[in-house]
Amino acid sequence: MQPLFISPKEAISLIQSHQRVFIHGGAATPSILIDELVNQAHRLRAVELIHLHTEGDAPYALPQFKESFRVANLFLGQNMRRRIDYNQVDYIPCFLSEIPELFRSTRPLDVALVHISPPDRNGFCSLGTSVDVAKTAVDCARIVIAQVNPHMPRVHGDGWVHLSKISALVEVDKPLPTSTLAEPGEAELGIARFVSEMIEDGSTLQMGIGAIPDAVARNLSGHKNLGVHSEMWSDGTLKLILSGAVNNSQKKVHTGKTVSGFIIGSRSLYDFVNDNPSVIQLGTDYVNNPFIIARNRKVVAINSAVEIDLTGQVCADSIGHKIISGVGGQMDFMRGAALSPGGKPIIAMTSTTKSGESKIVFTLKPGSGVVTTRADVHYVVTEFGVADLRGKSLRERASSLIKIAHPRHREELERSYYKI
């Protein structure tokens with residue numbers, strides 16, 4: 001028997017105090033269900049909300065709801081950075097590839113709030129833009145509450161959920177959150193030129209969203225037979241697909257398919273992936289598995305950093321003690337690219353922060369977390385060049401990194417290094 005549509009109030013009434021509730025993330029953030037959850041905060045106590053980055057204001061994280069909700073972030077989006085206090089709003093360091101296993105063991109779920117497409121004639125709905133960890137959440141949760149939206153694309157892959165699994169359906173007709181291509185500056189364009197020269201025809205790409213990935217994508221339109229196996233992708237990659245530069249013909253895993261865990265971008269992107277058999281979305285325990293990644297040849301993984309020290313240690317999730325994002329999939333893909341025949345794991349970043357501080361530092365700020373270890377770092381790219389650290393001694397690494405630091409910081413970096 002198919003569940004009937006009910007009101008958001010009736011659906012959220014299924015949630016009880018002291019339960020753990022997963023919230024679908026990215027463009028699939030179930031905003032209608034979240035709003036009603038906050039409306040019912042008065043009757044709830046000590047509910048743990050667990051999720052990757054979400055879109056919207058995340059009102060449940062406001063201080064007035066601290067008795068009702070605690071937030072366990074698996075990755076911080078912009079809406080959480082200013083609210084994290086390691087009490088009401090906290091963070092769980094975890095590789096993205098390992099999060100599904102958390103739901104099966106360490107952090108079992110009582111409820112999953114998800115955002116899905118309308119069912120097909122066989123009763124199957126799609127998790128659409130974000131399969132990532134959401135499919136495992138649906139499989140593991142005792143109660144699944146879904147907002148059903150005709151704007152959610154039906155995406156091929158593993159994101160199918162049958163109506164028989166869903167406890168409550170809420171009808172929604174609301175456009176999905178969108179993002180626009182970042183406009184790169186001179187530094188990002190310089191980085192993109194160096195990175196694009198490192199990418200060979202036939203490479204398999206992992207790129208995210210932001211000014212540097214978008215700038216790199218602009219420089220790859222003349223490449224041939226590129227593939228995509230990525231934690232996520234957006235409109236920069238869409239342009240490469242439409243231009244023919246990406247055809248996935250040389251991939252060994254899912255030949256001919258663009259593979260990812262989630263997407264976020266424009267309405268055009270969502271329209272493109274809708275019922276498109278050349279695009280598949282799979283769980284991050286598969287997409288981000290380094291051994292799966294490494295089965296493709298010439299994997300190029302492009303990731304960013306907050307800062308990197310002169311030995312090659314990469315901080316990517318915090319500014320000192322302050323968490324600003326998460327471990328995410330950086331190490332999954334850095335390791336996968338390193339194991340791939342002809343692969344290139346790349347840390348690409350501007351040489352300075354917006355305030356002019358060097359991102360290449362003698363030592364990381366106190367409290368900074370090392371997301372990618374010095375032994376895992378191969379290539380570091382700034383607008384001033386490429387440092388290949390693979391097989392280099394600490395002295396050689398320091399010399400290579402200083403050469404690609406901003407010129408006004410090089411003398412101070414040299415002075416600091418030679419004092420030790």
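Helix α13 passes helix α14 in a right-handed crossing, a crossing being right-handed if the near helix is turned clockwise from the far one by less than a right angle, and left-handed if anticlockwise. This is a predicted model, in which local features need pLDDT of at least 70 and side-chain atom pairs count only at pLDDT 80 or more, while totals for chains, interfaces and linings use all residues. Residues are numbered from 1 along each chain as its sequence is written, and side-chain values use heavy atoms, with hydrogens and water left out.

The axes of α13 (residues 394–403) and α14 (residues 407–418) come within 9 Å and cross at roughly 165°, axes being lines fitted to C-alpha atoms over the stretch in contact, with angles running from 0 to 180 degrees between N-to-C directions. That angle makes α13 roughly antiparallel to α14 (over 145 degrees; under 35 is roughly parallel, 65 to 115 roughly perpendicular and the rest oblique). From α13, L394, R395, A398, I402 and K403 meet R410, L413, E414, Y417 and Y418 of α14, with contact meaning heavy atoms within 4.5 Å. By class, this contact of α13 with α14 has six nonpolar, no polar and four charged residues.

α6 passes α7 in a right-handed crossing, where E188, L189, I191, A192 and V195 in α6 meet A211, I212, A215 and V216 in α7. The residues of this contact of α6 with α7 divide into eight nonpolar, no polar and one charged.

Turning to strands, an open sheet of three has the order β17-β16-β21, with mixed pairing (two strands pair if DSSP finds at least two bridges between them). β17 (314–315) and β21 (360–361) stand at the edges, each with a single partner strand, so one side of each lacks a neighbour in the sheet. Strand β16 (residues 307–309) pairs with β21 in the parallel sense over two bridges, and I308 stands opposite I360 in β21.

The structure also holds three aromatic pairs, counted where ring centres lie within 6.5 Å. In one of them, the rings of F22 and F103 have their centres 5.7 Å apart and their planes at 70°, so the pair is edge-to-face (planes over 60 degrees apart; under 30 is stacked and the rest tilted). This pair links distant parts of the chain, since F22 lies in strand β1 (residues 20–23) and F103 in helix α4 (residues 99–104), 81 residues apart.

Conventions
Helix = DSSP H or I, 4+ residues; strand = E, 2+ residues; numbered from the N terminus. Nonpolar A, V, L, I, M, F, W, Y, C, P; charged D, E, K, R; others polar. Phe/Tyr/Trp six-rings, centres within 6.5 Å; stacked < 30°, edge-to-face > 60°.
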